[in-house]
Each structure stands twice: as C-alpha cells, then as structure tokens.
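Subject: Structure for your review

Dear colleague,

Please find the structure below, followed by a summary of what was found in it. I would be grateful if you would read the two side by side.

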Amino acid sequence: MKTQFTRRGALTRLGGVIAGLFTLSAARAARAAVQKVLVSSGAPKDYDPTKHKWLMCIDVNKCIGCGLCVEACKKENAVPEGPYFRTWIERYVILKPEPGSDQTRGETLVDSPNGGMHGFPELPFPNGRIEHSFFVPKLCNLCKFSPCVQVCPVGASFDSPDGAVLVDPKYCIGCGFCIQACPYGCRFLSPVTHTAEKCTLCYHRITRGLKPACVEICPAQARIFGDLKNAGPDDPIRKFYENNRVQVLKPHLGTEPRVLYAGLDKEVR
Amino acid sequence: MTGEITNLVAGVMPRFEGYVYPNEAIPHPLWGFLIVLYPYITGLVAGAFIMASLVRVFKVQALEPVYRLALLTALSFLLCATLPLLFHLGHPERCYEIMMTPHFTSPMAMFGFVYAWYLMAVLLLELWFDYRHDLVRWAKVTPGFRGFIYRAFTVGVTDESPKALALDEKLGWILSIVGIPSAFLLHGYVGFIFGSIKANPWWGNVLMPIIFILSAVVSGIALCVFVYMVLTWTRRHTVDMRCLDTMAMFLFYALVVDATVEGLDWLHRGFAAEEGFSMMQIMIREKLFYTLNLGQVAIGTLLPLLLLGSLQLLRRRVPEPVRRRMIFGSAAMILVGVLAMRWNVVIGGQLFSKSLRGVMGYKLEFAGVEGWFMGLILLSLPFIILTVLVKLFLSERLPSGGHTPPHSVTSDI
C-alpha cells in the first residue's frame, strides 16, 4: 500500500509525540508525588525525586581499606551490630604463581573481617609473594533492573525515580525474597525491625543536599557521589567518567548497576 | 590456583569456609526448614489432585476407590500449604498485603493468587459438586452436630432432581479439567520462586518449575498410595489390588519422566559448567552428600525405580502380599526422597556464598520456629485434618453414591 505523507499527517504525528512526551513526564511526576505521600523514605516534603539522578562511582585504586566508611554507615543508619552491613570493604590479595607453575597467577585470597570496619589484619606471608593487593568497597549497586525490587511480593522494595532503590520498613513483610534475589549480598534481614534493610545512599541526607556518610568520611576520595541531572562539566562525577574506563559487578546478570568501578580485577565478584 | 576457596577471615565462625559476603555470615540460613516444607506440602497437593484427575478426566476406572481420598488429601495439605510461609515471615501480621497490594512481577505475590484460585475455585468447588448429592442424603439421615455440618455444607442447595445431579457431574468434570493446569500452575509457581533467582546458580534455572511439577506429581501419587494403604489397614479392609497396581504403574511412569528430566538438568549443568559450577560440585561431593546422593538419588529415585519397574515386568509372578509391601515401601521411599529433594534445593542454595568463594554450614536444630520439631508439627497437621475429613466424608456408616463412573459423565455432555 502506498503511504502518503501530508503536512497535516506529519503535524498530527509530531503533535502526538510531543503530547506523549508531556504526558510521560506528567505521569512520572504524578507517580513520584503519589510515592511521596504513601511511602516512608526519610526524604523531606519539598524533595522532588524526578529532578535528580544519583550515581555512585568507586575508584578501587584509591581505597586504603581504613574502614571509616563502614563505621560511619553503621552509626549514621543505626545498622545493627553483627553481620549486618549496608556497605563493607573487601580485601583482595592475589599471590604470585609458584615457581615453575603454569598458572598466570597464584591463589586469590579475599577477606572482610567485620566488614572491614576496623581495618584489616596483617597478611601471614611476605610482601614478595604478593602480586596484587587492593580493597574494594561494596554497597547497593543501584541496579537499573533491580532483581530485589522485581521479586518483592508487596512492593515494599521500590525504585525511586532518582535512582535510589529503597525499602519501606512500614510495609515490608520480612519474607527475605529480596535478600535471596540480590546477587551482590547487599541486603539483610534486620534482627531489630525484622524487615529487609539495605544501603539507601543515606536518603535522609542526600535529599537534604548532603553527601552519603561513607562518601563524606572517605579520606582517600575513593567514593565519588553525584547527581547526573545537575552535574556541571567540572563535577567530580563527570571528571571520573572522563578519566576512567568503568566496570560494574556481575555484568552478565543484566542488572545494569549504577555503581561504577574503576580499577577492578576479574577476581572481584 | 585462582578462585580457590580460601579462608583469611579473622575470627570467623567455624560454620564458614572461604569468603562469604559479610551479610551472608548469619547464624542460620535465611530460609530454613519451614521453607523446605512449603514446596514439599504444595507439591503433595498438586500431585494428589493430578491423581484424582486421572479418574475424572482421563477415565482410569481402576483408580475409582481413591478418587475422593485423593481430593480430600489434596485439600488437607492445601489448607496447610501456606502455614510454613506465614510462620517464617518477619511480619506475619502484614501477610494480607500480598493479596491486597500485590506486586505483579513477584512470583511470591502471584503464588498467593494461584493458591487462592486453586483452593477456592478448583478444589473446594470440585469437592462440593462431587459431594453435593451425598451431603443432601447424609443431612437427612444424620442427627446432631454431624448432621448440621452436612446441612451447612449443602449451602441450602438440596435439589436432587436428575437434571441437577447431571449438572453437578458436568461442572465437576469441567472443574477437574481446569484443575489440571491449575495444579501445574500452583506448583510451577513454587518452582518459579526458586528458578527465577538468577543471582543463585543453584536455583536460577528454566527447568526448575518443570522439575518441581514432575516431582510433585510423583510425590502426590506416592502420598495417595501411602494414605490409601494406611486407611485400608486401619479399617481392616482388603486392598483393591487392581487399584493399587494401577497407582504403582502411574507412579513408576511419573518417576521415570521425573528422573529423566532431573538427569537432563544435571547433564546440562555439568556440560555448560557455567560460573558457579565449582560450587555445585562442592555441594554434591560434600555439603549435600547424604541428602542428595543417598536421599534424593538412591532412596528417592533408584530404589523405587527398581522396585516399581520390576513389578511392571513381573507383576503376575509376584504374590499379592509381597507386591503390597513393595509398592508401600516404594511410596514411602519416594516421599522421603522428594522431601530430600526440596531440602537440597532450598538449603543447598544457601550453603554457598553468592561471591562463589565460600561455603556455609547448616545444622537442623530441635527447637525454634525453624527447628525440626516445628516442622514435624506442620507435617503432621495435614494428616490430622485428613483424619477428620475422612471420618466426616468417607464414613463407612453412611450410604455413599460415590463418584459416578466417568463413562456416564461423557454421555451427559
């Protein structure tokens, strides 16, 4: 069938597209407004999540493994004592291969004693045996397609329009499905509230113009935090992008994390 | 060697070997024995229903004596299916939110609807249509509280005209047909709860719902064999050998299909040997050695296959008492084996870290919500309910029309 292009037809289509775009943004704003009323997230009343897009970048080369971020997170968010962490640091030690071995590398040793909160013990072998050693800070990966949100049976876990993945503690039934679904081990069932908990990017802080506690305290500036929607050309987050080739954790799972790492190694999972 | 399991964690509890994410280093797995029971019980429901539909839909007349028993078994287990889930929740008082504000992408939320559909629209209705005529008759001859129960269950519909009875049959038949995909959906969704977790290589698998359905059919038929034989023994009746042999035949074929698909799953996992396969090898060789190799494979699959398979070949040469014992033994072993399979799936998936660098241990405790005593109570609860249901609805003292033979059903439609 022959298609005829008329001025009226073209204008109608253009109008339709523009109307669609307007409706889309209006719908997004409406959804955000409804969420703000119904959901307890810790954000102030005048905060508009559609006007931000938060992003966390981590420069593995800069982390010194001091553990201040873990401690700050625990204090700021009243994270329960014990094996419960919203952020933690892993130490990777890759040994040199044994002499005469056909391997490119030796053993890979990983540890995170108490989440790295009080630093790391000395290694039980001489420096000469170590090929690489580095620290990897971990936190919620802010997945674009978050498996934890997908499986929550009641919708207590949700994606905020600003990129944060949050849990409504007044709504969570504590089934633990999201904890099983998170590939990065970032969630835990709080022994205090009996609900799922996770890194919120210190939502109560970032929605008031502050940085997350872990970013604020990091002495090495290994954690770079920013707002993509409001980042100028000199913003640290833009600089990080310009200066580094970035990677994400477990990319094969298709979760599209928005926590970006520079300087990762293949051993990091 | 890179990627080898190592342990550098200072002061780590002996339950862990290698590196596990700090949030995974909790004293007990997040999903314990209760969540093992949940797919087990749900599977028994689905299987028992499929068993009943063999009579109603597939017109296997030899199984007529167990039709009602299978449906009542399915009902008593279905009533208990969500209890383990409920007890395990951090906030059980919020459980209604799954139905009130469901999140449609969540397999667990959808399970709530499938469960409700299956209980309300399929099983209860099918039972009601099947029993309605009997209930009306029993209500007339039974005095007291028992009579009141029968009257209440008729819901005031006391029409005994041939037209009404024909309609009962027709609707029961339709419900039975609807029930088969519903039963598959019920247990398929349970499999999907685990199979959809791509974060966990032990669970995330497209074959998981299918394996769950097939093992459910096997366990459900085995349960019907078990319950039927126990019931005839307690009532000092003789076992209908035609019925028992037919059940054994279906059990054997279902087990063959189930074992084949599970074998295919392992073949695929071994051949693909994707990331995390080394962890699976540790599970098979060490962590789940007894429950997998001994419980699931030897006791739950190979021995029953051997016993039931030999019965298919040599049925006429084996004397009846021996046959009865062989079939009963196979059914009991299958029931244990399928429980071991659920254990291997649920607990096995939590015995290694998602960092794929370490493993955890698990010791089933006696006390506590996730202890085996609680599990035992939850497992015996459906049997208690079934005893009450059998006393009420399979009573020997009341005249029962039973289920009309299927050939007369088709003539009505």
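**Chain B: overall fold**

The secondary structure of chain B consists of 14 helices and two strands; helices (H or I, at least four residues) and strands (E, at least two) are DSSP runs, numbered from the N terminus. This is a predicted model, in which local features need pLDDT of at least 70 and side-chain atom pairs count only at pLDDT 80 or more, while totals for chains, interfaces and linings use all residues. Residues are numbered from 1 along each chain as its sequence is written, and chains are lettered from A and ligands numbered from 1 in the order in which they are written.

The C-alpha trace of chain B spans about 80 × 55 × 40 Å along its principal axes. For 413 residues, a compact globule would have a radius of gyration near 22 Å, and the 23 Å of chain B agrees with this. That radius is taken over C-alpha atoms, and the globule rule is 2.2 Å times the number of residues to the power 0.38. Of the 413 residues in chain B, 45% are buried. A residue is buried if 20 or more other C-beta atoms lie within 10 Å of its own, exposed if 12 or fewer, and partly exposed in between, with C-beta atoms placed from the backbone. Among contacts in chain B between residues at least 6 apart in sequence, 81% join residues at least 24 apart; two residues are in contact if their C-beta atoms, placed from the backbone, lie within 7 Å.

Helix 1 of chain B (residues 33–56) has 24 residues and should span 34 Å at 1.5 Å a residue; its end C-alpha atoms are 35 Å apart, which agrees. The expected span is 1.5 Å times one less than the number of residues. Because 24 of its 24 residues are buried, helix 1 of chain B is largely enclosed by the rest of the structure.

The largest nonpolar core has 183 residues, and those with the most contacts inside it include B:Val45, B:Ala48 and B:Ile221. Such a core is a set of buried Ala, Val, Leu, Ile, Met, Phe, Trp, Tyr and Cys residues joined through C-beta atoms within 7 Å. Helix 1 of chain B supplies the largest share of this core, 18 residues. Beyond its neighbours within four places in sequence, B:Val45 is in contact with B:Ala74, B:Phe77, B:Leu78, B:Ala81 and B:Leu186.

**Chain A and the interface**

The domain assignment of chain A, automatic or from a database, gives domain 1 (9–60 + 139–262) and domain 2 (83–138). Their C-alpha centres lie 30 Å apart. Eleven residues from domain 1 of chain A and seven residues from domain 2 of chain A take part in the contact between them.

Between the chains, the contact takes 41 residues from chain B and 44 residues from chain A. On the side of chain B that touches chain A, helix 5 of chain B gives the most, with three residues.

**Two backbone details**

A:Glu256 has a positive phi of about 50 degrees although it is not a glycine. A:Glu256 lies in the loop between strand 10 (246–247) and strand 11 (259–262) of chain A, and with 13 C-beta neighbours inside 10 Å it counts as partly exposed. B:Leu356, likewise not a glycine, has a positive phi near 55 degrees. B:Leu356 is found in the loop between helix 12 (320–346) and strand 2 (357–359) of chain B.

With kind regards
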